[in-house]
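The following paragraphs lead through a structural model, from single residues to the contact between chains. Please keep the sequence and the coordinates in view while reading.

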Amino acid sequence: MSIIVRRLHRGLMLAATLALLFSFLVYLLYAINLIPFPFDYDQGEGFELRDAVLFSQGQLPYRDTEVYPFYSSNYPPLYHLLGAPLVWIFGPAYWYGRILSFLASLVSACAIGYAVYRDGHRHLWLAALSGLAFLASNFVYHIGPLFRQHTLMVALETAAIVILARAFPGRDKRGIALGLLLLICAGYTKQLAAITAVAAFAWMFLRQPRAALPWAAAFIGFGALIFLWLNLASNGHWWTQTIVANVNQFHPFQAFGLFVLWFQLHGFLLVPAGLLICYETYFDRLSIYAIWFLFTALLGGIASGAWGAGDSYFTTSIAAACILSGICLSRSLKAARRSPPWLQRVLDGPAWPILLLAPLLYLGYARATLKMPTGGAFAPLASFLRVEPNTRESFYDSASFDVPGYANIGYFVSEEDEAAGRRIVDLIKESEGPVLSEEAGFAFLANRDVVSNPTQLRNLYLAGSFHGDRLIEMIETYQFGLVILRAQFYPTPILQAIGRAYEHWQTVRMNRFDYLILRPKSGASE
Amino acid sequence: MFSRDYTVTKRQLGFAFVVIGIVGILGVLAVDILQVGRQGGIGPAQAFALFVLVVLLIVGLTLIPLGDAPA
C-alpha cells in the first residue's frame, strides 16, 4: 500500500473527525443555549415537568381528565421519577430535565462507540466517528436536550442491546439480566421501546430458542407485574391514559415523507449498514444489531406516521445504523489490510478503495446532516460553506422544515423569546382564577395550577374516552382568567366553547410561534 | 429440537419468511376483498405492506438453499 494512500486516508479521517466534531460543537452550543430557557421550547416539555412534580408529591400522573385540573400524562413514569428528587431540591424547572436528556444522548453515543470498538476489531478512530455520527443526526440533535423522555429511552435501549450482544451468546446470566432490566426501564420510559424488546427476543430466539424462552417468560412476567400495579394504583387510568390515548390516527404520507428524509440524511450510514446486514444474512450469523435495526427502522418508521409522532421515532434505528456501519467499515478495513502482499503490490493495495471510502462516507454524512446558525460568529463559516438560512431567520437545517412530522425546532432561543415568555407570565399574574394554557411553563412561573393537557384531551376525545362537560362548563362560566393557545390542540367542543366565551386580547410571539392570549368576552361578569 | 445448543438454521428462517410473506400478502389483499365498495383500491399503507412482504418472501426463498447454516 503506498504511502500516498495512507496519508490520504489519515487526512480524510481527520477531515471527517473535524466535520463531525463541528456538528457536535453546534449540538453542545444548542444545548447550552436551550437548557436555561425557562419556558416550553417544544410543546409538551412542561407537561413532562408536571409529571415529575406530581411524582415528587407522591402522586401518580395517570388521572381522571373529567375533573379539575383535567390533567393526565400519557407517558410511562421512569423519566419523571428520575426528575422527582430534582424537583425536591430545585423546585419545578426545565434545566435539569434537559441536562438529563442531553447526558442520555452522550451515553447513547458512548455505547455506540464502545460497540463498534468491541465488535469491529477495536478500531478506535472509527468507533469515535460512529458515536459522533449519532450525535450529528438531525433527528437526534433537536430532541437531544429537550425535557422529553425519548432520549433516555434510546440510551437505555442502546445500552441493553450492546450488553445483550455479548451476554446472551456467552450465557452470561448477570449480563442477560442486566440487559433485560435496561429494556424494562426503556419500556417504562416510553412505550416505543417495545419494538426493541421484540427485536432483542427475536434475535435471542434465533440464537438459542431454549435459553430465550425462560428469559422471555421472566421478562414478560416482571413487566406485566409493574403494568398491573400501575393500573391498580391509578384506578385503571394507567390503561386509559397511556394505552388508549396513544392509539392515534395514522397518516401514511407523513410516514413516507419521514422515511425519505431519514434516508436522505443518513444514507451514507444506511448503505454500509444494509451491506453488513446482507452479508450477515447470507454468509454469517445475524447479529442483534441487524435485527434491532430492521425492527426499529420498519416498525419505528411506520409508527412515525401516527398523529403526534415524528422523526424522533427513527432515533433508535439511527443508533443501530451507526453501530452497523461502524462495524462494517472497521471490518472492511481490517480485511483489506489482511489481503496478500503480492495482491497489494499488484494493485497498489486493494485496501485503498475502502481506506478512502470509509472517511469519505463520514464526510458525506457530516454534510448531509449539517445544521448550524448562520449569524453571529457562525456567519463567516456559513458564508464559506455557502449555507443560507432556510428554516428560521438565522438557522440552516439540511432537513429543512418542509416534511410533515419533522420537528420544527433546533434553532437557538434569544433574549427576546425569554422576555416574551415573561410577558405572558405577567399577564397571568395580573389575571384572576386559573388559566387554561396549552403549555405548562407559564403556569409554573406564575405559581398557578397546571390545567389540562391539550393533546391528551384531544386523543382521549377522539378515542371516545373524554367528554369534557365540566371543563366546558368552567369555560362557559368564565372561570379561567385567561386562555392561552398556540396550536389549538384542544378537542373541537373545547375550542368551540372557548370561541363562545373568550375573545382575542393580544398575541405574543415567542420562539417564532404566536401565542394567542384570550380573555373573557366583554360583559362576561355581568 | 430444544436441546441446549439448538439454533435456528437459515433454511428454517427462510421457510418462516416465506410463510409470513405469503400469509401477509393474502391478508393485505383480503382487506380489499372483505371491504367491498371501499373507494381507492390499494392504499399507500397497503402498498407499503405489500412491498415489505414481497421483499420478505424473496429473502425467504433465497435463504432456503443455504441449508443448516445457523441463521
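A:Asp119 counts as buried because its relative accessibility is 13%, where buried means under 20% relative accessible area, exposed over 50% and partly exposed in between, with a 1.4 Å probe and protein chains only. The side chain of A:Asp119 meets that of A:Arg118 in a salt bridge, with 3.0 Å from N to O; the term denotes a side-chain nitrogen of Lys or Arg within 4 Å of a carboxyl oxygen of Asp or Glu. A:Arg118, at 12% relative accessibility, likewise counts as buried.

The model is predicted, so local features need pLDDT of at least 70 and side-chain atom pairs count only at pLDDT 80 or more, whereas totals for chains, interfaces and linings use all residues. Residues are numbered from 1 along each chain as its sequence is written, chains are lettered from A and ligands numbered from 1 in the order in which they are written, and side-chain values use heavy atoms, with hydrogens and water left out.

Over all chains, the count of salt bridges comes to 15. One of them joins A:Glu418 to A:Arg422, with the closest N and O atoms 3.1 Å apart. Both residues belong to helix α18 (residues 415–430) of chain A, and because they are 4 residues apart there, about one helical turn separates them. Helices here are DSSP runs of H or I with at least four residues, and strands are runs of E with at least two, numbered from the N terminus. A:Glu418 is partly exposed at 28% relative accessibility, and A:Arg422 is partly exposed with a relative accessible area of 39%.

A further salt bridge brings together the side chains of A:Glu439 and A:Arg486, at 3.3 Å from N to O. This pair links distant parts of the chain, 47 residues apart: A:Glu439 lies in the loop between β3 (435–437) and α19 (441–445) of chain A, and A:Arg486 in the loop between β4 (482–485) and α22 (492–501) of chain A. A:Glu439 is buried, at 2% relative accessibility, while A:Arg486 is partly exposed, with a relative accessible area of 22%. Elsewhere in chain A, a network of salt bridges links A:Asp42, A:Glu48 and A:Arg148.

A:Ser287 lies in the loop between α12 (252–283) and α13 (288–303) of chain A and counts as buried, at 13% relative accessibility. Leaving aside residues up to four places away in sequence, A:Ser287 is in contact (heavy atoms within 4.5 Å) with A:Trp203, A:Arg207, A:Glu280 and A:Leu324. A:Ile291 lies in helix α13 itself and is buried, with a relative accessible area of 6%. With the same exclusion of residues up to four places away, A:Ile291 touches A:Ala199, A:Ala202, A:Trp203, A:Leu206 and A:Leu286.

Which strands of chain A pair in the antiparallel sense over 8 bridges? They are β5 (residues 502–510) and β6 (residues 513–520); pairing requires that DSSP find at least two bridges between two strands. A:Gln506 stands opposite A:Ile517 in β6(A). The two strands form a hairpin with 2 residues between them, and A:Asn511 in the turn has a positive phi of about 55°.

Chain B contains 2 helices and 0 strands. Of its 71 residues, 31% count as buried. Among contacts in chain B between residues at least 6 apart in sequence, 76% join residues at least 24 apart.

The contact between the chains takes 19 residues from chain B and 20 residues from chain A. Together they bury about 1600 Å², 66% of it on carbon and sulfur atoms; buried area is the accessible area (1.4 Å probe) that two parts lose on being put together, summed over both. Across this interface there is 1 salt bridge, in which A:Arg171 meets B:Asp5 with the closest N and O atoms 2.6 Å apart. The elements that give two or more residues to the side of chain B touching chain A are α1 (10–34) and α2 (44–63) of chain B. The largest share of that side, 7 residues, comes from α2(B). By class, the side has 13 nonpolar, 3 polar and 3 charged residues, where Ala, Val, Leu, Ile, Met, Phe, Trp, Tyr, Cys and Pro count as nonpolar, Asp, Glu, Lys and Arg as charged, and the others, Gly among them, as polar.
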